[in-house]
Amino acid sequence: MLKVYNTMTRAKEEFHPLEAGKVSIYCCGVTPYNHPHIGNARPFVTWDVIRRYFAKRGYEVRYIQNFTDVDDKIINAANAEGCSWSDISGRYIESYFRSMDALNIRRADLYPRVSETMEDIIRMVETLVEKGYAYVLENGDVFYRVEKFEEYGKLSGRKLEDMQAGARIDVDRRKHHPMDFALWKAAKPGEPSWDSPWGKGRPGWHIECSAMSLKYLGEKFDFHGGGSDLIFPHHENEIAQSQACIGDAHAFARYWLHNGFITIKSEKMSKSRNNFFTVKDILQEFPGEVIRFFILQTHYRSPLDFSDERLQEAQTSLARLQNTKACLEELSAKEGTAETAAELCGKAETLLAEFYEAMEDDFNTALAISQMFALSKEINIYYQDVVAGKTEPDAKHLERVKDIYMEMAEVTGILEAQDTAKEDGLADKLMDIIIGIRQDARKEKNWAVADRIRDELKTAGIMLEDTPQGVRWKKA
Ligand SMILES: [Zn+2]
């Protein structure tokens with residue numbers, strides 16, 4: 001039975017889907033005004049594994065993730081560069097996909113954008129005004145009236161009285177309560193704007209997620225996710241908007257899952273602190289799979305301290321799992337009917353059950369990965385015995401062991417890296433260099449170097465062939 005930690009109830013709860021066999025998920029996406037940093041990537045890696053888990057367990061998953069493509073930060077960046085807001089958001093949405101693809105994150109079913117959801121947003125604000133949950137100012141700003149929503153603060157556990165006392169004095173005096181927040185902002189000169197019943201303007205930040213989830217997932221859905229910095233005010237405000245609009249205190253998301261921060265030397269990584277690393281930059285030094293693996297080695301709710309050393313360690317650990325995959329491939333190419341892997345197969349079944357137990361304990365990927373290492377160790381012992389000729393290979397049981405190992409890999413989304421060296425022609429380019437050096441050595445009658453290159457390539461499984469068009473290479 002899957003249990004998840006629900007921020008709303010502050011407890012681990014059994015998960016029961018709204019509709020049998022189906023899971024619906026909304027995860028808050030990025031504001032595309034810069035390249036995503038590794039802190040931005042953490043929720044998406046987390047939700048990617050959650051989706052993979054559900055898919056593997058036979059659920060039909062619907063996953064929605066938005067782009068906040070109309071926002072102050074985007075407008076400021078556009079003004080600074082002298083281009084349009086859509087140039088900025090378009091550029092960084094593309095960058096987002098490049099980075100997340102490299103982390104092996106499956107695409108969402110839909111990526112709604114604010115600019116494409118304007119009618120639904122306006123309709124929702126209208127309903128809130130009609131129901132008395134929002135008020136319109138003379139200039140065309142529309143604010144949400146937090147005092148009207150009795151349960152305001154239920155997600156974050158904050159009380160409105162305390163928030164009022166803690167509010168700063170320079171708060172907008174036009175608001176009825178310091179915590180009232182903008183649903184619609186009247187247009188300022190030079191800003192993008194859309195027509196609305198309150199004049200030209202654009203939406204506040206929070207309303208888009210309420211409008212989009214209602215539009216694409218309905219009045220109720222299973223999971224809402226994001227970083228824990230979104231609990232307040234963003235998710236608190238989403239709840240206030242959605243439940244007031246629908247008129248049902250049980251509407252909207254049922255389980256709220258929030259991931260912890262990524263820290264650097266124990267300080268939260270954020271753009272405002274300027275201590276962030278973009279995924280794009282880290283990819284210059286580490287493969288995406290290593291970054292993904294590094295994130296998954298820590299439970300999603302715990303803080304995760306980022307450093308080059310820890311990424312190095314992750315790379316070394318991941319190499320062990322990759323090596324086991326190669327061993328399994330080698331073993332499965334061998335014929336053999338001896339029942340030598342029956343015990344290994346039994347252990348693998350047990351470890352697979354434990355792997356899922358870990359996943360079902362609030363998606364404990366750290367523990368699940370340790371079961372994968374335990375299986376890897378068992379496989380390596382068996383492999384060594386086969387290589388040393390101490391054990392006859394056992395094709396039937398090994399097939400199952402390989403399936404189990406690859407099932408763990410599929411759920412965690414690791415060991416899927418393509419042979420990129422081959423894909424981008426890197427292998428060909430390197431071989432051209434090596435063959436060129438060998439040709440030069442032969443011209444200089446340096447037979448020692450020429451023969452050494454040929455012999456060492458042969459050891460590495462690469463054969464050189466003389467053809468009328470020159471020297472060609474192929475894998476032996
Ligand atoms: Zn959101």
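Where does L217 lie? L217 lies in helix α6, helices (H or I, at least four residues) and strands (E, at least two) being DSSP runs numbered from the N terminus. The model is a predicted one, so to speak of local features takes a pLDDT of at least 70 and side-chain atom pairs count only at pLDDT 80 or more, while totals for chains, interfaces and linings use all residues. Residues are numbered from 1 along each chain as its sequence is written.

Back to L217: with 22 C-beta neighbours inside 10 Å, L217 counts as buried. The cut-off for buried is 20 or more other C-beta atoms within 10 Å of a residue's own, with 12 or fewer for exposed and partly exposed in between; C-beta atoms are placed from the backbone. Setting aside neighbours within four places in sequence, L217 touches S24, Y26, R62 and I64, a contact being two C-beta atoms, placed from the backbone, within 7 Å. From L217 to A253 it is 36 residues along the sequence and 9.7 Å through space, C-alpha to C-alpha.

Next comes the sheet. Four strands make up an open sheet, in the order β4-β3-β9-β10, with parallel pairing; two strands pair if DSSP finds at least two bridges between them. The edges belong to β4 (60-65) and β10 (252-259), each with a single partner strand, so one side of each has no neighbour in the sheet. On average, neighbouring strands are turned by 25 degrees against each other, direction ignored. Axes here are lines fitted to C-alpha atoms, for helices over the stretch in contact, and angles run from 0 to 180 degrees between N-to-C directions. Strand β9 (residues 220-227) is joined to β10 by seven bridges, the two running parallel, and F223 sits opposite Y255 in β10.

Two helices pack on this sheet. Helix α1 (residues 38-56) touches β3 (22-27), β4, β9 and β10, and its direction makes about 175 degrees with that of β3. Helix α6 (residues 207-217) touches β3, β4 and β9, at about 155 degrees to the direction of β4.

As for the whole protein, the tally is 16 helices and 15 strands, and buried residues make up 39% of the 476 residues. Helix α9 (residues 288-296) has nine of its nine residues buried, so it is largely enclosed by the rest of the structure. The C-alpha trace spans about 90 × 55 × 40 Å along its principal axes. An automatic or database assignment sets the domain bounds, giving domain 1 (3-281), domain 2 (307-412) and domain 3 (421-475). The centres of domain 2 and domain 3, taken over C-alpha atoms, are 35 Å apart.
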